[in-house]
Amino acid sequence: MDRQQEFVLRTIEERDIRFVRLWFTDVLGTLKSVAIAPAELEGAFAEGIGFDGSSIEGFVRVFEADMLAKPDPSTFQVLPWRGETNGTARMFCDITLPDGTPSMADPRHVLQRSLSKAADMGFTFYTHPEIEFYLLKQGWQRGASPEPIDTSGYFDHTPHGSSADFRRAAITMLETMGISVEFSHHEGGPGQNEIDLRYADALTTADNIMTFRTVVKEVALEQGIYATFMPKVFAEHPGSGMHTHMSLFEGDTNAFHEPGAPYQLSKVGRQFIAGLLRHGAETAAVTNQWVNSYKRLWGGGEAPAHLTWGHNNRSALVRVPMYKPDKGQSTRVEVRSIDTACNPYLTFAVLLAAGLKGIEEGYDLPPETEDDVWGLTDAERRAMGIKPLPASLSEAIEVMESSELVAETLGEHTFDFFLRNKRAEWADYRNQVTAFELERYLPSL
Amino acid sequence: MSSRAPESVPAGIARLGFTDPRRANDLLDDPALGGIAGSPDRIDAGGLSEGLSRAADPDGALLGLVRFMEAAADVPGLREAVVTALHDDSLARRRLLAVLGASSALGDHLVAHPEHWTAVTEAAPVAASERVARLVAAVADPGEQTPADALRVGYREQLLGIAALDTTAEDPLEVLPATAAALADLAAAALEAALRIARDEVGEEAARTRLAVVAMGKTGGRELNYISDVDVIFVAEPADGVPEEEAVAVATDLATRLMRLCSASTGAGSLWQVDPALRPEGKNGPLVRTVASHRAYYERWAKTWEFQALLKARPVAGDTEVGQAYCDAVQPMVWQASSRENFVADVQAMRRRVEEHIPKAEAERQIKLGAGGLRDVEFSVQLLQLVHGRADESLRTATTLEGLEVLSAGGYIGREDAATLGAAYRYLRALEHRIQLFRLRRTHLMPTAEGDLRRLGRSLGHRSSPADAVQEQWRARRREVRRLHERIFYRPLLSAVARLSDQDVRLTPEAARERLSALGFRDPAGALRHLEALTGGVSRRSAIQRQLLPVMLGWFADEADPDAGLLAFRKISDELGSTHWYLRLLRDEGSAAERLAHTLARSRYAAALLEQAPECVQFLGDRGTMTPRTREEVLRRMRSAAGRKDDAEAAVLAARTIRRSELFRIAVADLAGLVTLAELGQAMTDLTAALLEVTLEVCLREVAGDEPLTRVLVVGMGRLGGGEQGYGSDADVLFVHDPVPGADESAAQGQALEVVKRLIALLGRNGPDPVLDVDASLRPEGKNGPLVRSLASYREYYARWSLVWEAQALLRATPVAGDPDLAERFLALVAPIRWPEGGLTPPQVREIRTLKARMESERLPRGADRKTHFKLGHGGLSDVEWAVQLLQLCHAGEHPALRTPSTLGALAAAEDLGLVEAEHAASLAAAWRLASAMRNAGVLFRGKGVDAVPTNDRDADGVSRILGMESHTGEALGERYRRVARRARAAFEAEFFDG
């Protein structure tokens, strides 16, 4: 028993924790939770908690035996919304096989493998997400339009606005759970909010995103409203994305930073972007994994639908943010396609792999796009060599199918499961007769 | 003087061990010696020349002495003092000559600093604190030198004293631990002194941090060499009120300076490299961390080997409180390391690492690395400390020799084994010391030059032919150490169940179980029971097995299923134990026991064959041959064995008994990596063909006597026809017969049918070998058609009915047994069917494609995984074969190169002809090979057929090891298969459906 485990057990004793939730994530990014009594925890540290993986999305059993969930004591947190006395705590788990080797189906392990590949190359991967979501009134009914809780816009200050109350409550709770918040504001759409997390290594960030989504939903419930991370709720308002700033560090130095280079962007940084762009279409099914995701990407506005990069270009897939003098450490790239509703582990894993591939193979960075890509004609885009992201989940699946990079990063098992699941989703979607079709065709055909 | 005639060299001098007596004689006359040379005839007892003769290198010692005296002359009063001191055969003189004769580097130092001679003559053991005090004083007041030079000079001055005590010791092995400890103390003192210099360089800033230097490795274990990298870890805590980041930055500066101060080459030479690579994250990690940061790392990220390294951590310089806090924080983790998950796998990997990574050219001269090297001893002792030290605190020592002692006192190693190993270790270390001392160079290689060897031998007390003696001793010690694993890991296990010698403390059953599971045994209690059964009693067999088992346990432990190996060995031993040749084979024929152990623990298939036919153990002996026999050879043996029996059943049993041995021979060759997949396929096919041939002959004779009505032919189909059989393959066949001229056709048909039925029955019966399932369902009309047809009937059938799938099946038709003339005619008959001129018509192509698509959805067994099923899964064998066969049907009429029953042969031909894209061909071939190899490996490991990538981690591990992958990579194997199959599926879809 190491000290961290001891610390956890002691805390549980001292704070009278009655339940410990073991958290892990399925392949689609849904949080799974097993509650155990504190008495079982010591055993869980030593041997893990066995469970039948076949009922979890994507955990179809590679081996006959049960899988084990092993709590990671460094992720121990008391859940603030469960009250101070007789509380509940949670830990994230690694999923392993009975012989202790990590399960290839565990998204956390997929990311860990990508990170250790980066570590082999001497890099640590840091991310910093800006998470958008909508707050809606509760009580949505099938067939009805969802109703946002306010009608404010970008950065609006709403006096007595429940958005502001909500953000304050959510941030307080996040901070209680050790997740630092950088920034928060009202976003462009009515009821749309954004909360930015402080940058951290990618695994911690991914854990934090999982926690974040839970906290936001919990706080909304407490306040009698409903929070959603659905990529595109309103056709007429912007969708919810998760712009994510990324950087690679070599020891204590930012590998993207090179004083004097254009945008202070080093060769490593340029090659990383080149990798993100070249493999952008293949990775889209992971970063934007739902049918609905493509309605956000192709809905215009700030969503990127083309494989471009730029400095202050908000239509680009990859943006190199403004450089703050004296802040060499803050050189980074911002990927703008990611959905808030992605599986953060898999998303970070494939994007990191794409960037590293760019570095390994020394990809050349195509020229920067300064224009608003939406404003260009098809012919102009063709002339400039600008390629689009997949237009639908179906297209994204097709491109991903032949991607060695994604297969290698996710592992063959997860790769195969993911494709099958997404094909099924697309088939279900295709089977729908939508309101659009009825409205457009029924009167005239 | 050089003109002196040879005869004028006094006779006495040659006997004193000088290699160049004339030069020695001249030097003894050198005026610099100031008359201490004694009488000119050089034979006076107690004279200088006799003193010199005791040095490791008398010539070198004399030359060094002359140079030293010359240098002493420059220092006022020094030469006189020296002359006085050296006049008699005093301790002082003996020491000076010993040092000069053992180390030219220290001789050089004395020439440069003659005033240090008293460090030699007045050498005495020095406490660690005193060493620090002296060196710190030396650098604090460096005089005209730079502090770094003062450090070097002061260091060597103390080194003189250590060398003086070491080289004049009665027994160089006895004094070794003291020397090694003194060297470690001196290194620690140098680190402290270097840190003082670094602090002075940095100035006031230095006070902002509390830096401690923790020694690791041999410095930490107080068992250092004369010259070796000094392994350290730097730990720092901020001084009061200083932010942590700043403190760490200052500490990093200090540490960097400290390292440079020790390792940089200045006018006064250099000390040694300071190596901080054992720190968290190795070379990529920050040089200095706080105690908390270290702890966080070790708690979360550290690997098993890092804990092993920490076993020797000891604070030696800088802030003692911080250093101690570090050790207090990490020590408990060291002793919990053996309870970490993956400990067993890590340990196995570490053991492999110890044995690898030695440049080939040096392997034979290495004292430190490689099998039988010092590192091996150190590693093994540490490992046992980790395994047993969790429960037994008495084992927690950082020094190798002490470790051996406490392990033996606790009964974890036999007392005699510990003593032998300890002595070997001391000898090897002493060798290393003497080699390094000569030039103060870091080397771990045995010298090759005669002079070097001679000095080395003499320094270790070998007086007559020292060069040969030292090499012989070295080899003998290395042999002892090579048997280390046996002594240290396995023999004590036997002591838990059998009394090996009366004096030894026995390993407790708990400790034995602990160790067995650390070695990879899954059922330690069962393993102990087997050991007890194998070694109990007083029979000759148990006596020999007590000798053999410690070594064999190690070999079992190297494999995926040590438990099964030990169990199979017990069974075979019970069967054969009293057979005279068996024990002799294992005991005397070097590698037979090793091959047996590996085979048993690696393959249940081979173990099962051996349990049935223990006499096959002989194949594993040195005189056994592991090359599969040719078809003719097997056929000849089967024929003669069958010929000796009158009745058919006995005859076929005799042939099948030979098949059993040959299967074992092939399996052993395969496990040893002596045959390729293609060779294996051919060998298995030859074996099946020979058995079919002999069985057919026997059945024909039984049914038809000497005047048969018809001639019978067995045509191999599928893998048998393609020469690609594996362990689990059925024999797919067609039976053809042709009535002799004038015979009644229906009587002939009846006779042929009887023969064929008899053949299938005799081979399908349980017998000595695995059942050979003879399957004729590819015949015309399938299961509804007659089992055997005449050639004329085949002709008629194919002319009228022939279906595309039959043409496809015939692509691999190869006669394997029976009438050769009939074989020719059958092949001529089917040629235009399987290689149609002009290829297939579009409807035929469509038919094949549809058939395949339907088969995919229907034939896959319930519950099977479409991604990993070897035969019918995506990218599996059937995909590859169908793709190749479609190409053959379409193009073999035009291109004779495609007319081969071999899948890979036809694929390669198609690629040469440009009929398939090279990339697709590569993907298809890779998948076919991997699926075939995994299927074979599956049978070998489990003893029964395996249809898909194993879904059980132990099977996966076993299969992956047989395929030559590292241990515990079972899931990676599944991953690899899925990847290869995915690519093959894409190639198949492109070639087969779209091509």
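User: A residue is buried if 20 or more other C-beta atoms, placed from the backbone, lie within 10 Å of its own; 12 or fewer make it exposed, and anything in between partly exposed. What share of the 995 residues of chain B counts as buried?

Analyst: This is a predicted model, where local features need pLDDT of at least 70, side-chain atom pairs count only at pLDDT 80 or more, and totals for chains, interfaces and linings use all residues. Residues are numbered from 1 along each chain as its sequence is written, while chains are lettered from A and ligands numbered from 1 in the order in which they are written. For chain B, the buried share is 52%.

User: How many helices and strands does chain B have?

Analyst: Both are DSSP runs, numbered from the N terminus: helices are H or I with at least four residues, strands E with at least two. For chain B the count is 45 helices and 10 strands.

User: Which elements of chain B cover the buried residues of α31(B)?

Analyst: Helix α31(B) spans residues 604-612. Its buried residues are B:Arg604, B:Tyr605, B:Ala606, B:Ala607, B:Leu609 and B:Leu610. Their cover includes α28, α30, α33 and α43 of chain B.

User: Beyond four places in sequence, which residues is B:Leu258 in contact with?

Analyst: Contact means that two C-beta atoms, placed from the backbone, lie within 7 Å. Leaving aside the neighbours within four places, the partners of B:Leu258 are B:Leu191, B:Ala194, B:Leu195, B:Ala198 and B:Val274.

User: How many residues does the contact take from chain A and from chain B?

Analyst: Each chain gives its own side. The contact takes 20 residues from chain A, and from chain B 17.

User: Which element gives the largest share of the side of chain A that touches chain B?

Analyst: Two elements of chain A give two or more residues to that side: α1 (3-14) and α13 (412-430). The largest share is 3 residues, and it comes from α13(A).

User: Which strand is joined to β12(A) by 8 bridges?

Analyst: Strands pair if DSSP finds at least two bridges between them. β12(A) has 3 bridges to antiparallel β16(A), where A:Glu334 is the partner of A:His245. The 8 bridges also join antiparallel strands, and the partner of β12(A) there is β7(A).

User: Which residue in the turn between β12(A) and β13(A) has a positive phi?

Analyst: These strands run antiparallel with 2 bridges, and A:Glu250 stands opposite A:Thr253. They form a hairpin with 2 residues between them. The phi of about 60° belongs to A:Gly251.

User: At what angle do α7(A) and α9(A) pack?

Analyst: In α7(A), 7 of 8 residues are buried. Among them, A:Thr283, A:Val286 and A:Thr287 meet A:Leu346, A:Thr347, A:Val350, A:Leu351 and A:Ala354 in α9(A). Axes are lines fitted to C-alpha atoms, for helices over the stretch in contact, with angles from 0 to 180 degrees between N-to-C directions. The axes of α7(A) and α9(A) lie 9 Å apart, at an angle of about 170°.
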